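Visitor: Could you walk me through this model, one topic at a time? I may jump around a bit.
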Amino acid sequence: MLNLRDNMEFSTWVCLIFILQLFLPMPISSDSSLSTKGFAEISANFLNLAKKPELADWMIGIRRKIHENPELGYQEFETSKLIRAELDKMGIPYKHPVAVTGVVGFIGTGGPPFVAIRADMDALPMQENVEWEHKSKIPGKMHACGHDAHVAILLGATKILQEHQNNLQGTVVLVFQPAEEGGGGAKKMLDAGILENVEAIFGLHVSVDLPIGKVASRPGPIMAGSGFFEAVISGKGGHAAIPQHTIDPILAASNVIVSLQHLVSREADPLDSQVVTVAKFQGGGAFNVIPDSVTIGGTFRAFSKESFMQLKQRIEEVITGQAAVQRCSATVDFFLDQKPHFPVTVNSQDLHEYFQQVAGDMLGIRNVKDMQPLMGSEDFAFFSEAVPGYYFFLGMKNDTRGKLEPGHSPYFTINEDALPYGAALQASLAARYLLEFHPKSHFQETKFHDEL
């Protein structure tokens with residue numbers, strides 16, 4: 001990837017100034033020293049468009065429709081239908097179905113360079129406790145992580161790009177992804193070839209901790225790799241009053257759980273962040289009966305592939321070994337078919353510099369924050385493992401409106417004032433990428449997409 005600060009040849013600048021004139025309402029001087037100013041004006045123009053009541057209110061309406069009808073991973077049929085209907089209205093071609101319910105749209109020339117922007121669509125299996133007009137209508141399902149807002153933001157970005165689609169110097173790939181919440185929808189979309197020829201991909205997540213109008217990210221690892229495990233520990237059940245005639249799987253499971261914590265506290269480098277959490281323990285149904293078996297399960301996380309794989313190996317060894325000490329047997333399942341391990345989410349260094357420039361031009365550089373890595377995981381990692389990717393957090397905190405509850409809470413809410421900022425950023429990141437990297441890809445021999 002070219003460094004974004006590399007000088008462009010004079011002929012490229014002439015082409016660039018012409019392009020900027022198409023995007024902006026005012027003439028741009030052909031002086032190459034004004035290039036940064038011209039790019040900044042594109043970002044400001046997009047934010048002004050996104051804040052117009054007709055677009056902002058439209059995004060809010062989309063978000064509320066999705067929020068009322070939450071759907072779990074690979075079940076986002078109505079959400080997908082709504083997205084396709086809006087793309088049809090805009091005249092945006094798309095592929096569907098991709099990974100069961102996913103939608104991939106295309107806007108621009110149909111040729112290189114290709115840049116992608118992504119939103120996840122799925123909800124969570126939990127009951128909403130927020131009482132408001134647009135509360136979830138589906139018992140036991142809720143958009144408690146902001147994916148409804150992410151879809152609305154991407155559709156808003158699409159509307160902005162549509163207004164300039166004749167001026168796009170390449171193709172923006174619009175990725176509406178299913179099953180982010182543990183289902184590995186990104187991997188299935190990747191396996192379906194949606195990033196063919198794509199040079200970069202951008203994703204975002206709303207944040208309850210950042211003030212509105214601010215964004216945060218970092219280069220390198222930003223979110224941990226993660227996996228799930230479940231173990232069945234089997235012994236011999238019997239009466240609780242005569243334990244000598246039983247083989248107690250509850251005792252064995254208890255020793256297993258304590259020993260698993262030692263993997264982080266005594267085997268991992270203290271400077272190498274890792275987590276092992278047992279969050280599931282099922283066994284027994286009576287006060288005076290020792291059960292035949294116990295099931296435990298949980299998650300493990302790390303910030304490097306090597307640490308992650310070592311942790312996985314040791315989890316299995318500890319479970320089977322500690323169970324054997326207590327005369328029990330154990331089987332361990334890592335759910336690789338159902339819940340694929342998420343890689344570490346890694347942000348490209350070049351794209352970090354590019355993001356800082358674009359977001360700084362739009363919001364002011366003081367509103368572009370650096371952040372520490374998070375132990376949470378994100379299946380955007382599958383995309384950023386395949387092509388240069390960049391994932392950032394979009395602020396929506398407004399203290400005058402009260403505290404926002406964290407994601408995965410039944411009281412989670414969205415500050416809808418953040419939607420225009422997200423839409424403008426996604427549109428600007430995509431459009432400016434095509435402008436700034438157009439010379440790199442113009443002569444590459446790349447497949448054109450016939451969807452356009």
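Predicted model: local features only at pLDDT ≥ 70, side-chain atom pairs only at ≥ 80, totals over all residues.

Visitor: Let's start with strand E4, then. Is it buried or exposed?

Guide: Strand E4, which covers residues 171–177, is mostly covered, since seven of its seven residues are buried.

Visitor: Which residues sit on each side?

Guide: Thr 171, Val 173, Val 175 and Gln 177 are on one side, with Val 172, Leu 174 and Phe 176 on the other, and all of these are buried. As a general point, side chains in a regular strand alternate between the two faces of the sheet.

Visitor: Which strands pair with E4, and in what sense?

Guide: Strand E2 (residues 102–108) runs antiparallel to E4 and is joined to it by six bridges, while strand E3 (residues 114–120) pairs with E4 in the parallel sense over seven bridges. Val 173 of E4 stands opposite Phe 106, and Val 173 is also the bridge partner of Ala 116. Between E3 and E4 the chain passes through helix H5 (residues 147–163), making a β-α-β crossover that is right-handed.

Visitor: What about Val 104, which residue of E4 is its bridge partner?

Guide: The bridge partner of Val 104 in E4 is Val 175.

Visitor: Going back to E2, why is it called largely enclosed?

Guide: E2 is largely enclosed by the rest of the structure because six of its seven residues are buried. E2 also pairs with strand E1 (residues 94–98), in the antiparallel sense and over three bridges, with Val 98 standing opposite Gly 102. The two strands E1 and E2 form a hairpin with three residues between them, and in that turn Ala 99 has a positive phi of about 55 degrees.

Visitor: Changing topic: which residues touch the most other members in the largest nonpolar core?

Guide: That core has 76 residues, and Leu 155, Val 172, Phe 176 and Phe 202 are the ones that touch the most other members. Helix H11 (residues 419–441) provides the largest share of this core, with 13 residues. Apart from it there is another core of 26 residues, among them Val 98, Val 104, Phe 114 and Phe 393.

Visitor: And what does Phe 176 touch?

Guide: Leaving aside residues up to four places away in sequence, Phe 176 touches Ile 83, Leu 87, Gly 102, Val 103, Ala 119, Met 121, Val 151, Leu 154, Leu 155 and Met 189.

Visitor: Now the largest pocket. How much space lies in it, and which residues lie nearest its centre?

Guide: The space in the largest pocket is about 920 Å³. Its lining comprises 38 residues, and those nearest its centre are Cys 145, Met 223, Gly 376, Ser 377 and His 408.

Visitor: Which strand gives the largest share of that lining?

Guide: Strand E5 does, with six residues. Several strands each supply at least two residues of this lining, including E5 (198–211), E8 (225–234) and E16 (389–397).

How values were computed: Residues numbered from 1 in each chain as written. Heavy atoms only, no water. Buried < 20%, exposed > 50% of the residue type's maximum accessible area, 1.4 Å probe, protein only. Helix = DSSP H or I, 4+ residues; strand = E, 2+ residues; numbered from the N terminus. Pairing = 2+ DSSP bridges. Right-handed = clockwise from strand over helix to strand, strands pointing away. Core = buried A, V, L, I, M, F, W, Y, C linked by side-chain atoms within 4.5 Å. Contact = heavy atoms within 4.5 Å. 1 Å grid on protein atoms, 1.4 Å probe; cavity = no way out; pocket = protein on both sides within 12 Å on 5 of 7 lines; lining within 4 Å. Points joined across faces, edges and corners; volume = space filled by probe spheres on them.
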